[in-house]
Amino acid sequence: IMDTLASLALATETPAPELLLRHPHKKDEYIISRKMLKFILLHAVYQLFVLLILTCLGERFIPEWADLTPGSEDYYTDSTTGITVQTRFSPYGNGRQYVISGRSFLIGGGDDYSPYIASCGYSRHMTVVFEVFMQVFNFVNARKLHDEFNIFEGITRSPLFIVIVIVIIILQFILGMFGNRVLNVFRDGTNGAQWGIAIAFGFGEWIVGVLIKLIPEKAFPQLGQSKQDPIKNPSKVLGIKRSLEHRSNTIRNSVNVGGDHKNSISNKISPQ
């Protein structure tokens, strides 16, 4: 949904008149420029940071309904020990404040939420991780390629872009709320506070986008080669060699023809 519709939205946006004022790109320019590398790396770092925070520490701050009364599906009884545990709240806070960890296994090893999935379904914790649609905010950043701070400039020129963004948001909401076991999300979706956390981290993409534009491009390496040295390219060296041989043969043949012609003339005018 994100990649396909986002690329469609960017592709259907009408070009700005300012594009005609830019110099054309050279055929030997870098495919990935320093500006592109800066954008890709730093946004990837932010997204990885958010996912790690939500996945590894989500049970410490993602809220759960405090007045919720766990139903029968929120308890798990171990068939071996006979011990029954509730699978809705984490032990952090007051014990009825945050979502239970949805990681399948403990960070240090051993089972975490995985034994509960069959009887209790997938966790609300990982559903929140699924709903952090940072790409929606980030592809709005991608509308501008030359570090322009106003990423919304000219957005009204493409009504289809706006329509696709709305469709993405609606689909994300439907999948997160009603995906259930089909999409490995929690049976009741997420509450307002959890949606707020997901949107806040997504909004952070715009803040990070502004900060990234303040970093000079020269701080990043240039990937690839803009021009190739013919001496380091075997195919070009072979081509040059053949070209030189061809020219040498042409000159040699011309000299031979000229010599033969000269001898012919000398023979004709020489006395018998």
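The axes of α2 and α7 come within 10 Å of each other and cross at roughly 150°, where axes are lines fitted to C-alpha atoms, for helices over the stretch in contact, and angles run from 0 to 180 degrees between N-to-C directions. The model is predicted, so that local features need pLDDT of at least 70 and side-chain atom pairs count only at pLDDT 80 or more, while totals for chains, interfaces and linings use all residues. Residues are numbered from 1 along each chain as its sequence is written, and side-chain values use heavy atoms, with hydrogens and water left out.

**Exercise 1.** Classify the crossing of α2 and α7, and list the residues in contact.

*Solution.* Begin with the angle: α2 is roughly antiparallel to α7 because of the crossing at roughly 150°, the class being that of angles over 145 degrees. Next take the hand, for which α2 passes α7 in a right-handed crossing, meaning that the near helix is turned clockwise from the far one by less than a right angle. Then list the contacts (heavy atoms within 4.5 Å): Lys38, Leu42, His43, Tyr46, Gln47, Val50 and Leu54 of α2 meet Ile197, Phe201, Gly204, Glu205, Val208, Gly209, Ile212 and Lys213 of α7. By class, these residues are eight nonpolar, four polar and three charged.

**Exercise 2.** Describe the largest pocket by its volume, its lining and the elements that supply it.

*Solution.* The pocket is an open set of points on a 1 Å grid over the protein atoms alone, where a 1.4 Å probe fits, with protein on both sides within 12 Å along at least five of seven lines, and its lining residues have an atom within 4 Å of a point. Its volume, the space filled by probe spheres set on the points, is about 650 Å³. Of its 25 lining residues, Ser33, Lys35, Met36, Leu145 and His146 are the closest to the centre. The elements giving two or more residues are α2 (34–57) and α7 (192–213), and α2 gives the most, with six. The lining has nine nonpolar, six polar and 10 charged residues.

**Exercise 3.** How many cavities of 30 Å³ or more does the structure hold, and what lines the largest cavity?

*Solution.* A cavity differs in that the probe cannot get out, and the structure holds one of 30 Å³ or more. The largest cavity has about 50 Å³ of space, and its lining includes Glu64, Arg88, Tyr113, His125 and Phe186. Sorted by class, that lining has four nonpolar, three polar and three charged residues.

Methods. Helix = DSSP H or I, 4+ residues; strand = E, 2+ residues; numbered from the N terminus. Nonpolar A, V, L, I, M, F, W, Y, C, P; charged D, E, K, R; others polar. Parallel < 35°, antiparallel > 145°, perpendicular 65-115°, else oblique.
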